[in-house]
Amino acid sequence: MNRKERPAAEVSASRTRQQFFSAVQHHQAGRLAEAERLYRGIIAGGVAIAEVHNNLGLLLQQRGNKVAALAEYRQAIAINPTDPGALNNLGTALGDLGDIEQAEACYRGALSIKPDHPETNNNLGMMLSDRGQHAQALACYRKALAVHAGYVDAHNNSAVAV
């Protein structure tokens, strides 16, 4: 079968993949308007991809739209409830909005899926440190650093938590 004979679903999946990678490139380069347009285009196409919603949530959070980011993270988790990155991001958004209990539940949920997730360990560590639970916070930072030895935030946070 040549390229012209590929099934429409395969062509559509390929186009969606290309659109997603292009959106990520724009996002990483700081071209947020173009990235948002592409993420929303994928979503409007009816394809349920958790990473698209998660990335759109990150973009919206970068722009300061925490409530809209929260909705995108929740959508990502509805599509893929075992994505520790989306759970971590939801936890961060909830924490930013003052819902500390739910934020902690998200962090702990992410760590139940992937105990060595560095960003989640760092975020939970910061939450525990804010509560004065420094020994538990240090344990979280150490887990983050065991996976990512150069993780600057975890290094800085562990120095402050002692």
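Biologist: Which residues of α3 do Leu32, Ala35, Glu36, Tyr39, Arg40, Ile42 and Ile43 in α2 meet?

Modeller: This is a predicted model, in which local features need pLDDT of at least 70, side-chain atom pairs count only at pLDDT 80 or more, and totals for chains, interfaces and linings use all residues. Residues are numbered from 1 along each chain as its sequence is written, and side-chain values use heavy atoms, leaving out hydrogens and water. Contact means heavy atoms within 4.5 Å, and helices are DSSP runs (H or I, at least four residues) numbered from the N terminus. The partners in α3 are Val52, His53, Asn55, Leu56, Leu59, Leu60 and Gln62.

Biologist: At roughly what angle do the axes of helix α2 and helix α3 cross?

Modeller: Axes are lines fitted to C-alpha atoms, for helices over the stretch in contact, and angles run from 0 to 180 degrees between N-to-C directions. The axes of α2 (residues 32-44) and α3 (residues 50-62) come within 10 Å, and their crossing angle is roughly 145 degrees.

Biologist: How far apart are the axes of helix α6 and helix α7?

Modeller: Residues of α6 including Tyr107 and Leu111 meet residues of α7, among them Leu124 and Leu128. Helix α6 (residues 100-113) packs against helix α7 (residues 118-130) at about 145 degrees, and the distance between their axes is 9 Å.

Biologist: With which side chain does the side chain of Glu72 make a polar contact?

Modeller: Glu72 belongs to helix α4 (residues 66-79). A polar contact is a pair of N or O atoms within 3.5 Å; within protein, one must be able to donate a hydrogen and the other to accept it, and residues adjacent in sequence count only if both atoms are side-chain atoms. At 2.6 Å, the partner is His53.

Technical notes
Helices (H or I, at least four residues) and strands (E, at least two) are DSSP runs, numbered from the N terminus.
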